[in-house]
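Let's take a walk through this structure together. Keep the viewer open and follow along.

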Amino acid sequence: MAVVEMRKLTVIGLNSGRTPFIHELMHLGVVEINSQEGVVNDEEWMPDIFRTSNSADVSRLEADIARVSTAIEAINRFDTQKKPLFQVREELVRKEFTEHMDRTKTETEMNVDAAVMSYKQITDGQNEVNRLKGIIAGLKPWESLDLPLQMKETEFSAVILGTVSSKTKFEDLLQRVLEKAPSAVVQQVSADVQQIYISIICLKEEREQVNEALREFAFNPISFAEQKGTPKEALKQYEIEIEEIQEKILANTRILSDLSAAKKNIEYLYDSLNMRRDRAKIVGDMLSTEMVFYFDGWMPKNAQAEVEELLNRFEFYYRITEPEVDEEIPVCLHNGGFSTPFEAVTHMYSLPSRNDIDPTKFLAPFYFIFFGMMLSDAAYGIIIAVGCWILLKKFKLEGMTYRMIKMFFYCGISTFMWGALFGGWFGDFFTVAAKTLFDTDFVIKPIWFDPLTEPMKLLIFSLILGAIHLFVGMGLQAYMSIRDGRPLDALFDIGLWYLLLIGLVLYGLGGSVGAAMVTVGKGMSIVGAVGILLTGGRNKKGIFGKITGGLGSLYGITGYLSDVLSYSRLLALGLATGVVAKVINTLGSLAGGGIKGAIVLLIAFVFGTIFNIAINALGAFVHSCRLQYVEFFGKFYTGGGRPFAPFERKTKYIKILKEEKNHG
Amino acid sequence: MVESLFSGEFLALSGAAVAALAGIGSAIGVGVAGEAAAGVVSEDPNKFGQVLLLQALPGTQGIYGLLIAFLVMVKVGLLGGNGMIDLTMIQGAGIFAAAVPIGLVGIFSGIAQGKAAAAGIMLVGKKPSELAKGMLFAAMVETYAVLALLVSFLMLNSIQV
């Protein structure tokens with residue numbers, strides 16, 4: 001079975017053994033624990049059975065985690081080392097890890113504090129610098145004013161500072177003010193695109209008149225009550241302050257980049273805290289009384305032995321049962337060998353529900369073929385396959401990332417095979433290069449045929465592949481109907497369609513094989529069509545319902561037509577890669593032969609190839625998925641399964657190995 | 001003067017031009033998707049790679065247009081060293097007709113796909129794990145551009161010059 005068989009586990013244990021047990025259970029990492037929230041509704045039991053939520057512990061640990069993750073983020077930001085393409089978890093055995101944590105914990109805590117502190121000082125410093133820069137920008141226009149800024153008046157005179165719009169004529173303003181207050185001294189301090197900065201000194205008793213005159217010009221008074229000294233002095237002071245803060249920031253940056261040596265330990269601490277948080281949190285999913293605790297959950301059947309061994313060791317009461325018929329079971333896929341990486345495709349859609357079968361094994365070969373056909377360039381295939389192979393060798397990838405890369409590795413191989421069959425090696429690069437640079441004719445012959453010259457042949461081949469793909473999907477639906485004890489559904493809904501569709505193909509195309517084929521095809525289609533007409537409405541009530549039901553299902557033939565035609569994209573996208581490659585090569589060859597020509601050709605080739613691979617691999621990926629999800633899955637698959645999420649170590653940086661060999 | 005507008009050569013070149021118009025659709029589509037992408041990245045810069053993939057999807061129509069335009073140019077000898085070959089009006093008109101599907105469908109499907117991609121980008125903004133579904137929604141639109149490309153290609157391929 002490709003969907004892992006699950007068993008239901010129910011456990012009652014002594015509270016005294018709970019903490020060590022949870023430790024061990026996490027280490028096994030094979031049991032999913034169901035939340036018991038809202039399970040006990042009975043008034044009678046409520047006072048005795050409770051959920052210890054541990055929320056104080058959990059939130060304390062959450063706060064710690066947030067602090068440590070801030071520290072890691074801060075260190076990463078100022079870490080000058082190059083970051084690897086994929087983050088890989090470091091492998092450790094359990095004892096090593098605990099010993100390491102004991103040894104380094106105190107120091108690491110201090111480092112975390114230092115990192116958080118430095119980071120805070122850096123951000124605070126940057127905010128302060130921004131604030132000061134704002135003030136400086138406000139003071140700059142007043143730089144040439146040689147009055148202390150805080151000065152508003154002297155014994156007899158008043159000082160007024162402010163701005164008017166740059167559209168105002170200064171002369172007019174000057175005249176108007178002097179008319180009203182002859183004692184005033186009006187100065188234009190500076191001007192920019194928007195504003196004119198003006199200082200006015202006048203006798204105190206004339207202040208009102210001056211203000212009146214200014215109002216006509218929409219004068220906007222400004223006060224610098226908090227500033228000390230002349231603008232020049234203040235500006236200088238602020239610049240010194242900024243410099244000091246910058247130095248402090250720099251010092252803290254250095255602290256952080258020095259801490260990058262301790263980053264590994266901080267990451268360990270992060271994972272350790274996360275595990276502790278998860279352990280504290282899981283208790284909230286259990287029920288407790290004063291003496292015992294209870295939980296239930298799911299585990300894969302093949303993990304039963306080790307879980308039983310653990311439970312026996314703790315002398316807990318447990319029961320392992322098969323799931324009930326209508327129970328929702330968490331889904332875990334397990335496919336061997338070639339199919340494994342294609343689980344990624346199934347995952348991206350939705351996991352199989354209880355009634356579905358795992359489609360991975362069936363979609364894998366088609367995905368492999370379709371991707372290759374759509375990209376179909378031998379050289380691109382080699383590049384993709386080798387690239388993915390290097391990634392797989394260099395990084396110890398896990399989970400979905402591993403599956404994706406492995407899948408693209410296979411797809412690269414497929415691309416290579418189809419490319420060789422259709423004669424695409426960087427499009428027609430070698431032909432063009434030979435012609436342009438050496439003036440010789442050189443052609444890599446396709447092993448099968450060239451789709452550019454015989455597109456109809458490939459179109460028909462694509463549609464046949466599509467028909468096979470659809471037939472497999474329908475066959476799976478028939479299998480599921482029979483499995484669920486509805487063989488008639490399989491016969492009527494799938495068998496008759498097989499008859500009709502194959503019949504139609506024979507009727508249409510069998511003539512080239514022999515006249516008998518056409519007759520046979522005709523007979524088959526008629527039987528199939530009549531059968532569908534009669535049985536299509538069998539679940540409907542009344543004569544009218546049955547007739548329309550039958551007609552309705554026969555009309556479904558348009559669906560099959562569009563499904564099959566959808567596979568024409570195999571041809572179209574394959575052509576797109578080939579022709580775009582050709583465009584690139586032709587562009588490159590336009591500069592002619594010689595050294596210059598060779599350089600132009602090479603540049604066009606390198607950039608063009610990168611572009612073409614990127615855009616067409618994306619296309620091939622998306623459209624291969626589409627053919628699976630829409631055409632193939634549409635025939636039999638519903639999805640909607642809940643992924644199996646065992647209680648395990650969800651670590652980001654380290655991977656604790658199990659000392660003894662366990663189930664995969 | 002008027003005759004030259006109906007010459008085979010001119011019609012064929014107009015065909016190449018019409019095919020290349022598919023780029024209008026891609027430009028608008030990628031633009032619309034890009035606006036949405038910038039919005040998502042402003043919230044979470046880490047999603048840049050994911051949304052960039054989605055933004056690239058409506059770009060294919062332009063490539064399909066280029067592809068047909070290129071094949072037309074190769075067919076009429078514009079890209080070889082020997083200059084353009086002589087075409088009858090019927091041949092030129094045929095080439096022109098062959099270019100229309102991808103040119104027209106490219107424009108409208110590119111715009112529609114751009115909108116679907118933008119919606120997919122919003123989806124990724126909220127649920128990063130659903131990238132594949134967002135891509136699929138946009139790819140559903142592209143089907144019709146692929147079909148138009150195929151029609152254009154098969155028509156062009158069957159015209160004898």
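The centres of domain 1 and domain 2 of chain A, taken over C-alpha atoms, are separated by 80 Å. Bear in mind that this is a predicted model. According to the domain assignment, domain 1 of chain A covers 151-223, while domain 2 is made of two pieces, 337-436 + 461-636.

Now find helix H11 of chain A, which runs over residues 378-394. Its 17 residues reach 24 Å from the first C-alpha to the last, close to the 24 Å you'd expect at 1.5 Å a residue. Which residues of H11(A) are buried? They are A:Ala378, A:Ala379, A:Tyr380, A:Gly381, A:Ile384 and A:Cys388. These buried residues pack against three helices of chain A: H10 (360-375), H12 (399-422) and H20 (594-636). As a handy rule, an α-helix has 3.6 residues a turn, so residues three or four places apart point the same way.

Next, hop over to A:Phe449, in the loop between helix H13 (429-438) and helix H14 (455-483) of chain A. Leaving out residues up to four places away in sequence, A:Phe449 touches A:Glu454 and A:Lys457. A:Leu421 is 28 residues from A:Phe449 in sequence, yet their C-alpha atoms are 6.8 Å apart in space.

Last stop: where the chains meet. Here 22 residues of chain A are in contact with 23 residues of chain B. On the chain A side, helix H19 (569-589) and H20 each supply at least two residues. H19(A) gives the most, with 10 residues. That side of chain A divides into 15 nonpolar, 5 polar and 2 charged residues.

Notes:
Residues numbered from 1 in each chain as written. Chains lettered and ligands numbered in written order. Predicted model: local features only at pLDDT ≥ 70, side-chain atom pairs only at ≥ 80, totals over all residues. Helix = DSSP H or I, 4+ residues; strand = E, 2+ residues; numbered from the N terminus. Expected span 1.5 Å × (residues − 1). Buried ≥ 20, exposed ≤ 12 C-beta atoms within 10 Å, placed from the backbone. Contact = placed C-beta atoms within 7 Å. Domains from an automatic or database assignment. Nonpolar A, V, L, I, M, F, W, Y, C, P; charged D, E, K, R; others polar.
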